[in-house]
Amino acid sequence: MPEMLHTMVVGLGRAGAGLHLPVLAKARERQPRWFAPGPVAAFDRDAAARARHTAEGVHTVASLAQARRVLDPGRTVVHVCTPPVARVELIEELLELGFRRLLVEMPLASGPRDLARLLELLRGPDVQVAVVAPWLASTLTDRLTVLVRERSALGALRQISVVQSKPRFRRSLAGSGHPTAFDVEIPHAMGVLLRLAGDADVAGAICTDLDVNGRRLPRLGGATLRLAHHGGVRGVIRSDLTSPVRERRITLRFDQGTAIGHYPAEASDHYAQLRLLVRDVPPEPRAVFRDDALTEFVLRAYADFASGGPGAAAFEEQARVVGLLGEAKELAFPLEAWEMRGELAGVS
């Protein structure tokens, strides 16, 4: 019988309240044997946020110290849903209070200094950590992985491109804690490219500003990242946070054809699509299938926590994502300039 685990969500913004709390309700219903009975604990340093999200099945606490008094840290998974710029001090406090099972929103960190400190903390004794990477638990990603590994009629993989488009004006104007467009959508796609094509070097990076209502938000308009994978595959990720439409499209080009996939673009519509175009073969109908990737990721993470903890390889993979993003930022805007202006992630 797997160990039944308690849950605490820290950070009641878009990720914590908008994504993790609803997903936890679904996950607890699907696999109740992994979750201890009783409400999910939730904490946010903003009292107004705590008041807004008091609901059936959720018990808000006024401090992490109070959470320590009402929860057994040894049997609790903490969902760290705060922005990456405020994460080091929070994780230090959680570890000091005895919490050792952490499910951390991506990106793990938004700068090299924070990343180095977090890696030191999260590689500590008895710490079990999973970095939220729903695209890696996606049914679409699973199907693409099979295409790449089996070398079917499509042949060898040569290029991967991802286009991520959505309007993100309100959250950017409100200050969501994501300092650049590299920190918003690109980490999800980066993990998929590393999974499909292996490790890579950054070959190019561009970031643009967001202009709206006479205001300019530096580095939050969009970003393009080019990768040179060590196995010869070329990768490119384009993210447009000013687009009037939503799209998450991935295109894999092989020697003998192309695979075009669409990840769900809305949290409320969990369906993905995949179309295969093989040279000299009539095109197949587009496949449409359910793909509730975040719920699947949470269930896999709790299964890992209950059986001894997530594998170190997955954590190192996500640490590599942050390292490559740091290289991209340095190409797009040198980190020395950030430090001179006091804008390096983690500096308030």
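1. Ground rules. Residues count from 1 along each chain as its sequence is written, and side-chain values use heavy atoms, leaving out hydrogens and water. As the model is predicted, local features need pLDDT of at least 70 and side-chain atom pairs count only at pLDDT 80 or more, while totals for chains, interfaces and linings use all residues.

2. Strand S5 (residues 101-104). Helices (H or I, at least four residues) and strands (E, at least two) are DSSP runs, numbered from the N terminus. Arg101 and Leu103 point one way, Leu102 and Val104 the other, and all are buried (under 20% relative accessible area; exposed is over 50%, partly exposed in between; 1.4 Å probe, protein chains only). In a regular strand, side chains alternate between the two faces of the sheet.

3. Neighbours of S5. Pairing here takes at least two DSSP bridges between two strands. S5 pairs in the parallel sense with S4 (residues 76-80) over 4 bridges, with Val78 opposite Leu102. S5 also pairs with S6 (residues 128-131), parallel again and over 4 bridges; there, Ala130 is the bridge partner of Leu103.

4. Helix H1 (residues 14-30). Its 17 residues reach 23 Å from first C-alpha to last, close to the 24 Å expected (1.5 Å times one less than the number of residues). There's a kink of about 35 degrees at His20, shortly before Pro22; the bend is the angle between axes fitted to the seven residues ending there and the seven starting there.

5. Buried side of the story for H1. Buried residues include His20, Leu21, Val23 and Leu24. Among the elements covering the buried residues of H1 are S4, S5 and helix H9 (293-306), with contact meaning heavy atoms within 4.5 Å.
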